[in-house]
Amino acid sequence: MVGAIDVKLTVMDSQSGARVGCARRIESMDSNRNQGFGYNTADAWRNDIEGACAELAYCKALDIYWPGSINTFKEPDCGKKTQVRWTHHINGSLIVRDKDPDDHYYVLVIGACPDYRVVGWIMGYDAKKNEYLRCPGEQSPAYFVPQNKLNNTW
């Protein structure tokens, strides 16, 4: 399969993703972990819920098991060494940070529940190029890989 994959979550899928996202947010609050600089409480809830649903959408698109894990952080989201990154920005980039493992696959999913697009993927070591390095606002530097630089062969 080549190209971006559009995925529409069912009501049950959406409920499952939302439950996992809520559990992640509550666990983070209980552990006093913050979302990061510049995020408010509403952003944190949205990011956790939409991020979980995006993981589920990716797994559904590739017909693989979604573990829906909580409190596993940099462990793979889906499958071996696969990290799913979500954005609501239709033209948004895939973000990879220095601390992210070089040998993992990073997948960009865009959209909002229940409609997602699995855009493409890149290896961590390929994402960490100076041409992608940016430091928007007062956030820490990260690699912002444009969608047109992602692999879309599944």
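The model is predicted, so I read every value as computed.

I then checked the partner of Lys60. Lys60 forms a salt bridge with Asp13, with 2.6 Å between the closest N and O atoms. The two residues lie 47 residues apart and link distant parts of the chain: Lys60 sits in helix H2 (residues 41-62) and Asp13 in helix H1 (residues 11-30). Is Asp13 buried or exposed? I noted a relative accessible area of 17% for Asp13, which counts as buried because it falls under 20%.

I stayed in helix H2 for the next pair. Asp43 and Arg46 form a salt bridge, their closest N and O atoms being 3.9 Å apart. They are 3 residues apart in the helix, so about one helical turn separates them. Arg46 is partly exposed at 32% relative accessibility.

I went on to Lys81, whose side chain meets that of Asp103 in a salt bridge of 2.7 Å, N to O. This pair also links distant parts of the chain, 22 residues apart: Lys81 is in the loop between H2 and strand S2 (82-87), and Asp103 is in the loop between S3 and strand S4 (105-112). I recorded 37% for Lys81, partly exposed, and 37% for Asp103, partly exposed. In total I count 9 salt bridges in the structure.

Last, I looked at a sheet. It is open, with 3 strands in the order S3-S7-S6 and antiparallel pairing. S3 (94-96) and S6 (133-134) are the edge strands; each has a single partner, so one side of each lacks a neighbour in the sheet. I found 3 bridges joining S3 to S7 (residues 142-145), and Val96 has Tyr143 in S7 as its bridge partner.

Terms used. Residues are numbered from 1 along each chain as its sequence is written. This is a predicted model: local features need pLDDT of at least 70, side-chain atom pairs count only at pLDDT 80 or more; totals for chains, interfaces and linings use all residues. Side-chain values use heavy atoms; hydrogens and water are left out. Two strands pair if DSSP finds at least two bridges between them. Helices (H or I, at least four residues) and strands (E, at least two) are DSSP runs, numbered from the N terminus. A salt bridge is a side-chain nitrogen of Lys or Arg within 4 Å of a carboxyl oxygen of Asp or Glu. Buried means under 20% relative accessible area, exposed over 50%, partly exposed in between (1.4 Å probe, protein chains only).
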